[in-house]
Amino acid sequence: MHNDQAKKLREMMSRPNSRSRDVQPPAPVRTTKTIAVCSGKGGVGKSNIALNLSITLSGAGNRVALVDADMGMANLDVLLNVDIKGDLSHVVAGTKRLEDIVVDLPNGVQFVAGASGLARLANLSEFQRTRLTEELSQLEADNDLIVIDCGAGIGPDVLQFASGADIVLVVTTPEPTAITDAYGMIKALAKRGYVGSLSVLTNQVDNRQEGRATYQRLAEVARRFLDIRVFDAGYIDEDPRVRQAVRRRQAFVLAYPKCPASRAIGALVNKLSPGGALVRQKEGFFRRMARLFA
Ligand SMILES: Nc1ncnc2c1ncn2[C@@H]1O[C@H](COP(=O)(O)OP(=O)(O)O)[C@@H](O)[C@H]1O
Ligand SMILES: [Mg+2]
């Protein structure tokens, strides 16, 4: 460093409170965690899992936002029969701010409705994308956890959301077709150099063994062919209460807190608690996601 530069610095430091009003406090280390719920195959239970997980995490004292990022078939609002005041397409268009469209779900979950039929993220203009990113970044400032219900498959938007998340839950069922597609998802993320915690969650299992076997199969092929580690997020039983709750348009963890599926969500929350599979990353999720376009 130049001598005169060092002198200036020392002067600045010693001037009592001279610039205190414009001095920014050091940026806090980001602690908001993002959890992307995705799957290769559709209809495996992503939305139900994202919703019930959010409600349980929130009930455990976390500030939680749930984002419906299934741009093709956004339907989380239908699951709970909530009246939405707008969705992400309005935010992109600039006709609404994020705070105008956020809706309160049970347990205080902050819900952001997805935009069915919204243009692919990559097709948004630079201006629209920046607006979306900036607005969504506000969620990070206000919450401890952000759960993202992604669309099925390995389309560019899903990969965009998933690759930026701290934790990816790849939901599958024990069916061979779902397992094959789950592997496709894991492979696509691995190819993009995903650095967060990647895990498999097996839904609609008949028993514990089936859940365990599904995880082991996927973890083994991922290790052998992709040389990556996939964590075990556990399993959720095939449970008639889930369908009943869907028909009643309620969250099963609230309608039937003691049912096997609700207990399974409780076990998942334990795995996601500090000391579990959570990964620390400093840069904000939505900014990181936007940067991935570059
Ligand atoms: N653990 C489960 N037990 C019984 N039925 C389930 C379970 N998980 C999901 N389902 C059924 O599957 C349907 C599709 O689930 P959904 O969450 O909408 O899937 P996705 O979001 O992956 O398309 C639900 O409406 C429900 O009837
Ligand atoms: Mg869904």
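View 1. Lys-46, Ser-47, Asn-48, Asn-203 and Asp-237 come nearest among the 15 residues around ligand 1, where a residue counts as near if one of its heavy atoms lies within 4 Å of the molecule. This is a predicted model, in which local features need pLDDT of at least 70 and side-chain atom pairs count only at pLDDT 80 or more, while totals for chains, interfaces and linings use all residues. Residues are numbered from 1 along each chain as its sequence is written, chains are lettered from A and ligands numbered from 1 in the order in which they are written, and side-chain values use heavy atoms, with hydrogens and water left out.

View 2. Look for a backbone N or O atom of Gly-43 at 3.0 Å from an oxygen atom of ligand 1. With Asn-48 it is a polar side-chain atom that lies 2.8 Å from an oxygen atom of the ligand.

**View 3. Helix H2 against helix H12.** Helix H2 (residues 46-59) and helix H12 (residues 260-272) have axes that come within 10 Å and cross at roughly 65 degrees; helices are DSSP runs (H or I, at least four residues) numbered from the N terminus. The two are therefore roughly perpendicular, a word for angles of 65 to 115 degrees. The crossing of H2 past H12 is right-handed. On the H2 side you will find Ile-49, Asn-52, Leu-53, Thr-56 and Leu-57, which meet Ile-265, Leu-268, Val-269 and Leu-272 of H12; contact means heavy atoms within 4.5 Å. Sorted by class, this contact has seven nonpolar, two polar and no charged residues.

**View 4. Helix H7 against helix H8.** Here helix H7 (residues 156-164) packs on helix H8 (residues 176-191) at about 65 degrees, with the axes 10 Å apart. That makes H7 roughly perpendicular to H8. Val-158, Leu-159, Ala-162 and Ser-163 of H7 make the contact with Met-185, Ala-188 and Leu-189 of H8. Six of these residues are nonpolar, one is polar and none is charged.

**View 5. Helix H8 against helix H9.** The axes of H8 and helix H9 (residues 208-226) come within 11 Å and cross at roughly 40 degrees. H8 passes H9 in a right-handed crossing. Among the H8 residues that meet H9 are Ile-179, Tyr-183 and Lys-187, while the H9 side includes Arg-217, Leu-218 and Phe-225. The whole contact holds 10 nonpolar, one polar and three charged residues.

**View 6. The two ends of helix H10.** Asp-239 caps the N-terminal end of helix H10 (residues 240-248), with a side-chain oxygen 2.9 Å from the backbone nitrogen of Arg-241. Just after H10, have a look at Arg-249, which takes a positive phi of about 55 degrees.

Conventions
Axes fitted to C-alpha atoms, helices over the stretch in contact; angles between N-to-C directions. Parallel < 35°, antiparallel > 145°, perpendicular 65-115°, else oblique. Left-handed = near helix turned anticlockwise from the far one by under 90°. Nonpolar A, V, L, I, M, F, W, Y, C, P; charged D, E, K, R; others polar. Polar contact = N/O pair within 3.5 Å; in protein donor to acceptor, adjacent residues only side chain to side chain.
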